[in-house]
Amino acid sequence: MIKAEKMLRQSGKRVTRQRVLILDIINQTKGHIAAEEIYRLAKQKSPRMSLSTVYRALQVLKKEGLVEGIDLGNDRYHYEIKRQDHHHMVCRGCGKVIEFQCPFGKELMSRLAEENDFEITGVSLTLSGYCPECRRKKAGNSN
Ligand SMILES: [Zn+2]
Ligand SMILES: [Zn+2]
C-alpha cells in the first residue's frame, strides 16, 4: 500500500484512486506544489483527470485536514501535506516559499490568550516579501 493510501485509510476517509494519486503527488514533492503542477503530474498517470477534479479533491483534502493550502497572494495557492506547526514566507516576486518554525513561545501565546480572552487552537502565519534573487533583480531594474 502506498503511503498516501495509508494516510487516507488511517484518517478514516474515503479512498478513491484519484484522491490517492493527488495525495501521493503532494507527498512526493518535498516542499509545496501548485494545483496546476499537481494536475500536470496526475494527468501522466491518469489521462482523464481534469483540472477541476484536482481542485475539488484539494478542497476536500484541505477540509479533512490532510492537506494545507498556502496563500501566495493574487489567488495563487501552493499545497502541502499538513504537518506540525510551521509557517511560511512567500516571495511576492517569484512565489518561492520559505518555511520557518513558529516564533511565538508558550509564554507569549498564553499572554495573548489571556489578554483577549481567547482560546487559541492554532497559528497560521504567512509573511510576504522578496527573496534575495528578486531583491537583486529589483535593485538592477531601478539603476
Ligand atoms: Zn523571489
Ligand atoms: Zn510548508
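1. Helix α1 (residues 3–10) packs against helix α2 (residues 17–28) at an angle of about 115°, and their axes lie 8 Å apart. Axes are lines fitted to C-alpha atoms, for helices over the stretch in contact; angles run from 0 to 180 degrees between N-to-C directions. Helices (H or I, at least four residues) and strands (E, at least two) are DSSP runs numbered from the N terminus.

2. This is a predicted model, with local features needing pLDDT of at least 70 and side-chain atom pairs counted only at pLDDT 80 or more. Residues are numbered from 1 along each chain as its sequence is written, and side-chain values use heavy atoms, without hydrogens and water.

3. From α1, the contact (heavy atoms within 4.5 Å) takes Lys3, Ala4, Glu5, Met7 and Leu8. From α2 come Arg19, Val20, Leu23, Asp24 and Asn27.

4. His88 sits in strand β4 (residues 87–91) and Glu99 in strand β5 (residues 97–100), eleven residues apart. His88 is buried, at 3% relative accessible area. Glu99 is partly exposed, at 32%. Buried means under 20%, exposed over 50%, partly exposed in between (1.4 Å probe, protein chains only).

Definitions and conventions. Chains are lettered from A and ligands numbered from 1 in the order in which they are written.
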